[in-house]
Amino acid sequence: MASAFGSRLRRFREAKKLTLQQVADAVGCTKAYIWELEMKEGQRPSAERVQALAKVLGVTMEDIMGEPMPQVPEASPEDVAFFRAYAGMTDAEKDRVRQALKIIFPDKDLPEAKR
């Protein structure tokens, strides 16, 4: 049974006349993953993935999520300093930070590390 998110995703994909494989290739995942997002309950794609899907489908994140996006709090000076340090890291270092965060916060919806 498809979730509301999955139904919207499928509707937008079909409106653009894109196949599962075309969407998967455009967002850098598998056809099976897109099928699961469309057809299975309880799928929780990362915000990064939802943003990529919205871009490919020519809709907003709010359109694809079906609800207003929560407000993002203002970054503190410490956050800004952290983000600057992160932005200056190599891709390999950024991947290590992402992997560490996934271990520390397994329940958080964090961006996937690049492979």
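These are my notebook entries on a predicted model.

**Ground rules.** I number residues from 1 along each chain as its sequence is written. Local features need pLDDT of at least 70 and side-chain atom pairs pLDDT 80 or more, while totals for chains, interfaces and linings use all residues, and side-chain values use heavy atoms, leaving out hydrogens and water.

**Overall build.** I looked up the elements and found 7 helices and 0 strands (DSSP runs: H or I of at least four residues for helices, E of at least two for strands). From the N terminus the order reads α-α-α-α-α-α-α. The C-alpha trace spans about 45 × 30 × 25 Å along its principal axes.

**Inside and contacts.** How much of the chain is buried? I got 26% of the 115 residues (buried is under 20% relative accessible area, exposed over 50%, partly exposed in between, with a 1.4 Å probe and protein chains only). Next I checked contacts (heavy atoms within 4.5 Å): of those with a separation of 6 or more, 50% join residues 24 or more positions apart.

**Rings.** I found 1 aromatic pair. Phe 82 and Phe 83 have ring centres 6.1 Å apart and planes at 70°, so they sit edge-to-face (Phe, Tyr and Trp rings, the six-membered one for Trp, pair with centres within 6.5 Å; planes under 30 degrees apart are stacked, over 60 edge-to-face, the rest tilted). Phe 82 is partly exposed because its relative accessibility is 46%; Phe 83 is partly exposed too, at 48%.

**A charge over a ring.** Which residue lies over the face of Phe 12? I found Arg 11 there, 5.1 Å from the ring centre (the rule: NZ of Lys or CZ of Arg within 6 Å of the centre and within 35 degrees of the ring normal).
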